[in-house]
Structure formats: C-alpha cells, structure tokens
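Reader: I'm new to this one, could you walk me through it?
Author: Gladly; let us look at the structure together and take your questions in turn.
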Amino acid sequence: MVTSLLVLISLTIAWAQRGPSASKGNENSGSCFGFTASLNVSTAEVIDEDDRVSYQPRKAPGKFFGRLVSVMGDHYLICTGTLVGMDLVSTAGHCVLDEQGEWLPGLKTMRFEAQYYDGHMGGLSRLVSVTANRQQDWAILRLKEPLGRKLGFAGVCAMPDSYFWTYPVVSLVGFSGDYLESEVAGAHHGCRARGIAHIHEQGYVGDFIRHDCDMSSGSSGGALLQQIEGKWYVLGTNIFDVTQRNGPRTVENFASPARYYHSVIERLGNASTNGHICDGSSSECFHVHVAT
C-alpha cells in the first residue's frame, strides 16, 4: 500500500527580523520578466479563520499550478509546483533535496501534474533536469514536455527586500494535505507579505519573506503571487513555517524570495530544452535521465 507524504518544513529556531533599513536597496521596484505564452497563529499554519477556497485550474493564477508527485519507498511525496516558463516549474528546494543537500532518492520518479483537480489534470510531464539550492530552499525543474506552451505560465519578479515591508497583498496556491487531502489546491487570496527575516540555522541561510497566507504540508513550492498591471508574477516560493522560541510561542510562514532564483529561470528560459543545462561542474544541478 502506498501512502502519501506531504511536505512542509517546520523549524523551531530563533530568527533575526530585518526591517526596511537593513534591506538592500531603497526602491520598491524590482526586476521582473513575463512571458507571452498565455499569460492568533496555529501549528496548522492557518492564521485565525481558514480563508482558503478551491483554486480554479483553468483560470489565472490557478492555471499555472500543479502537483509534484514522486515515489519514495512505500509512500509518495507531494509538493506544489508553479509553471514559470514553457518547460520550467518552480518549487521548494526541500522537495528535491534532503537536509544534507543530497538529492532525494525518489527524484527520478517525480512528475508534474499540471492543473491537477481531483484526479483530472491539464497536462503531465516527467523531469529532464533540476537546479536547486537547499540553503535558500528553492528549485527550478525542467520538464520533458513544454506544458507552459499550452497552459501558460507566470512571470517572475525579483523584488528588493524593502518591498515586502510595504506589506503587499499576495495570493498563495498550494496542495495542502489538510485541504481536501491534496486532491484540490487551496487558494488564499488577499493575504500579505509581512517583511523579511534573516535565518541562519538548521541548514538555512538567507533572508526569507514572512507571510500570513494559510497553508499546510503539501503546499511547499506554491508561489506567492501578485497581479501587476493585469499579469500574474511570482514574488517568492512557499517553503516552511517557523516556531519562534523568543518570547510567547508563535508560528509564522515563510517563502524564499524570487531574487534568489530569478536569474536561473531567465537563463534556463533562454536555453534550448535539449541544451547542456547540467555540465557536471555544479552540485546544485542534477540531470534526470527520463525513459523515452
């Protein structure tokens, strides 16, 4: 019997809150690129009332999302992925790498189920290659099938840290296990980014976006999105919740900012699907041999 393993990292650590004065840059405008293909806290990571609704897989921004499923022994792992190119998907680094930064044994079985909704999907693809960073907790997957050509994909904005101290309104879509057992993605629209926190502990090193979007295990890899001039852009990737041990126990949700992987998506998007993306010189890149 195969059971599901829903992924979301929960940490119990102290973090340093970074205010606007500690952020790089004074402007709130970021480096964005888009594409014309179609364009009271609880341990459940749900803040106050659960504000999630079922996502709409045929309409933006829902149509950019899908489930990532891989087999690991007698269970399968579920994460969320976001189409960010013709054949590119963004997700969390811990969906492909273990705590030591080693590739997960089930990675070669991973498939992207685009627009998955209760057994139905708009497209299916295995992977060709993976580029990932465990410390910053992001990963960019190259699909064997260019699903974004048919389904469309989101743009990406590398906003400066100071932007997130303006508490921008965002949306988060994720296949959380506590929402219809990951058979339908939950979408929280109208939640907010709430600044930046620096974390340097338990393998994480970087500045991460704090947010109050409702989510749970399985939503790792879901994108924090914002609609800018009528188009949807990824601002960050949902990765973990943190239990603060300084003062009263609280839990906050975090995302890896797109500025960490913005240039990787741009580079991969400009490369041929059959290009030599993984040349063996970097431990951050893994070539997936997919059977034809």
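This is a predicted model: local features need pLDDT of at least 70, side-chain atom pairs count only at pLDDT 80 or more; totals for chains, interfaces and linings use all residues.
Reader: OK, how many disulfides does a search of the whole structure find?
Author: The search finds 2 disulfides. One of them joins Cys 79 to Cys 95, with an S to S distance of 2.0 Å, and another joins Cys 191 to Cys 213, where S to S is 2.1 Å.
Reader: Where in the chain are Cys 79 and Cys 95?
Author: Cys 79 lies in strand 7 (residues 75-83), while Cys 95 is in the loop between strand 8 (88-91) and strand 9 (111-114), so that the pair, 16 residues apart, links distant parts of the chain.
Reader: And are those two buried or exposed?
Author: Both Cys 79 and Cys 95 are buried.
Reader: What about the link of Cys 191 and Cys 213, is it left-handed or right-handed?
Author: That disulfide is right-handed, because the torsion about its S-S bond is about 85 degrees. The link of Cys 79 and Cys 95, with -95 degrees about the S-S bond, is left-handed.
Reader: Why does Cys 213 count as buried?
Author: Its relative accessibility is 0%, and buried means under 20%.
Reader: Switching topic, which residues have the most contacts inside the largest nonpolar core?
Author: They are Val 96, Phe 112 and Leu 141, in a core of 31 residues. A second, separate core has 25 residues, including Phe 65 and Val 173.
Reader: What does Phe 112 touch, leaving aside its neighbours within four places in sequence?
Author: Phe 112 is in contact with several residues, among them Phe 65, Leu 83, Val 89 and Leu 143.

Technical notes
Residues are numbered from 1 along each chain as its sequence is written. Side-chain values use heavy atoms; hydrogens and water are left out. A nonpolar core is a set of buried Ala, Val, Leu, Ile, Met, Phe, Trp, Tyr and Cys residues joined through side-chain atoms within 4.5 Å. Buried means under 20% relative accessible area, exposed over 50%, partly exposed in between (1.4 Å probe, protein chains only). Contact means heavy atoms within 4.5 Å. A disulfide is a pair of cysteine sulfur atoms within 2.5 Å. Helices (H or I, at least four residues) and strands (E, at least two) are DSSP runs, numbered from the N terminus.
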